[in-house]
Amino acid sequence: MINKILKSPLFYLILIVIIATGLRLFRLSDYFYYAHDNDLAAWMVKDIVKNGHLRLIGQETSTAGIFIGPFFYYLMIPFFLLTNLDPIGITYSGIILGIVTTLSFFYVFSSTHNKKVAFIATIIYATSQYLVFNDKEIVPTMFVYLWTVWYYFAIKKLLDGKKIGYIVSGILISFIWHINFALVLLLPLIPVAILMSGKKLNYRYILYGLLAIIPMSIPLLLFEFRHGFMQINALITSLTTTQSQVFTLSERFNRVLELSGKNLKSLLLPGIFEGASMYATIVGVIVLFLAIYKKIMDNKTGILIFSWILLYMLFFTFYSKILSEYYLNGMIVAWIVVFSILIGRLFEINNKTKILGALLMFMVVESNLEAIYLMPINKSGYLHRKEIVRLIDEDRQKQDYPCVSVSYITEVGNDLGYRFFFYLRDMHVGKPAGGAPVYSIVYPLSMVDKVDLEVGALGLIYPDYKKYSKGEIKKACSGENPNLFEPMFGYTE
């Protein structure tokens, strides 16, 4: 009986899912880096749940006039409700995402390659420090890996001329706006896959794909019709105007190589190879070409994967906006395809290469597990922000203040991410100029000589109580609560 279980692929798949879940549960609240985007998500969910506002858009992106779709915010509603709107509830969505994506990797690679390659790809996803912490981050872009693994499934099925390839492609296209607009870069792979299939175009299949786009595109279409195609115009403007002159063309190309390599190292061997990350990208491309040359990967798959990587590299080389690592997350699945197929082949050639394949997998898993275990905790995240707000409210009640004001002694941007915690405690909070007692939140602690309390990396300075009279405080607290009504960066009605 035990031997039968140990020979069952289902047993090992369940084991990988358990490991993936455990890694995503590991110190869940400690690693919840609650910041402005999470605060925005909380306010938008509140807007839907409390105000009954059926939203067509989410927050504004870093490109002016372009917004994230509302899917993420609606999806987060049950998780917020589970914890009575406490943001910790949304971290559970990352656990479910990890399970769903782990199973998706196994299914997709099993149906497009074989179970050996599927297990390798699934183990990489399940244990990669980079991907584990993506699932802990809880932002709209957290779905990129689930999207891209199914996109790989779609284009492989298009290569075979299968109807399912058209339908899945259509569904995925409709989710781009809701997840990460950079995923639109991969759409040229659809006609490339159809052309390489060598099959006659099936217009009925194309129609199925087009119909599959419609349901999740309705919010986008409604919003654009209502607002004069605002986002389309903003997209055209962003592509046709110089947004940053910080880097030259060659510097942007080097930056793409550097950040792509950084992501690749973080995916497979975090902490092992330090130094110039661009060489990791070059090594990855060389490995891809060798896999094609040695017939480890078939030519059609090789062309698609190379095109996948090239589309990202070319676009962000010529695009003037300053590049961040997360813009390149859509490349990760392409790298997983390359290395899963290669390692899978090592297990098949002979005993010596099998040992090499096992050694490589051990290095990947061990280095990632070590990186996860040793990952430093950000001491200005969910637990610390929530606690510092609790301390302010506790002292406010002790001093019998009907309202307070909060000053942030920090750099621009680090003053965001507190407002929803004030809302949960039903606090009337304004700016220091309003005349209410001033509590100062300090980050980092080195910005001042002394604080009254330290909460992780955050500091709290209490008001100079003698400065405030009850009459002045009452007058300062008589108006509307600014915490509820003041504009919030990125928040839209």
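## Charges and the chain as a whole

Lys and Arg count as positive here, while Asp and Glu count as negative; His and the chain ends are left out of the count. With that in mind, look at the predicted model above. The protein chain carries 44 positive and 34 negative side chains. The centres of these two sets are 13 Å apart.

Now for the overall build. The protein chain has 21 helices and five strands. Along its principal axes, the C-alpha trace spans about 85 × 55 × 55 Å. How does the radius of gyration fit a compact globule? For 493 residues, such a globule would have a value near 23 Å, and the protein chain has 25 Å, which agrees.

## Inside and outside

Of the 493 residues in the protein chain, 51% count as buried.

The contacts tell you how the chain folds back on itself. Take the contacts between residues at least 6 apart in sequence: 76% of them join residues at least 24 apart.

## The nonpolar core

Which residues have the most contacts inside the largest nonpolar core? They are Phe 109, Trp 308 and Phe 316, in a core of 132 residues. Helix 8 (residues 144–159) supplies the largest share of this core, with 12 residues.

Setting aside residues up to four places away in sequence, Phe 109 touches Asn 114, Val 117, Ala 118, Ala 121, Val 149, Tyr 152, Ile 336 and Val 337.

Start with Thr 122 in helix 6 (residues 115–127). Is Thr 122 buried or exposed? Its relative accessibility is 0%, so Thr 122 counts as buried. Beyond its neighbours within four places in sequence, Thr 122 is in contact with Ile 16, Thr 102, Phe 105 and Phe 106.

Next comes Thr 353, which sits in helix 17 (residues 351–374). Thr 353 has 16% relative accessibility and therefore counts as buried, because the cut-off for buried is under 20%. Leaving out neighbours within four places in sequence, Thr 353 makes contact with Leu 346 and Phe 347. Thr 353 and Ile 343 are 10 residues apart in sequence, and their C-alpha atoms are 9.1 Å apart in space. Gly 170 belongs to helix 9 (residues 163–179) and is buried, with a relative accessible area of 2%. Not counting residues up to four places away in sequence, Gly 170 touches Gly 209, Ala 212 and Ile 213. Gly 170 and Leu 211 are 41 residues apart in sequence, yet 7.3 Å separates them in space, C-alpha to C-alpha.

## A stop in a loop

Where does Ile 322 lie? You can find Ile 322 in the loop between helix 15 (299–318) and helix 16 (332–349). Ile 322 has a relative accessible area of 38%, so this residue is partly exposed. Along the chain, Ile 322 and Arg 255 are 67 residues apart, while 9.3 Å separates their C-alpha atoms.

## Backbone details to look for

Most residues other than glycine have a negative phi, and most peptide bonds are trans. Here are some places in this model to compare with that rule.

Phe 229 has a phi near 55°, a positive value in a residue other than glycine. Phe 229 lies in the loop between helix 11 (203–226) and helix 12 (230–240), and its 35% relative accessibility makes it partly exposed. Lys 295 also has a positive phi, near 65°. Lys 295 is in the loop between helix 14 (278–293) and helix 15, and with 63% relative accessibility Lys 295 counts as exposed. Finally, the peptide bond from Tyr 443 to Pro 444 is cis, with omega near -5°. Pro 444 is in the loop between strand 3 (438–442) and strand 4 (453–455).

Technical notes
Residues are numbered from 1 along each chain as its sequence is written. This is a predicted model: local features need pLDDT of at least 70, side-chain atom pairs count only at pLDDT 80 or more; totals for chains, interfaces and linings use all residues. Side-chain values use heavy atoms; hydrogens and water are left out. Helices (H or I, at least four residues) and strands (E, at least two) are DSSP runs, numbered from the N terminus. The radius of gyration is taken over C-alpha atoms; the globule rule is 2.2 Å times the number of residues to the power 0.38. Buried means under 20% relative accessible area, exposed over 50%, partly exposed in between (1.4 Å probe, protein chains only). Contact means heavy atoms within 4.5 Å. The place of a charge is taken as NZ of Lys, CZ of Arg, CG of Asp or CD of Glu. A nonpolar core is a set of buried Ala, Val, Leu, Ile, Met, Phe, Trp, Tyr and Cys residues joined through side-chain atoms within 4.5 Å.
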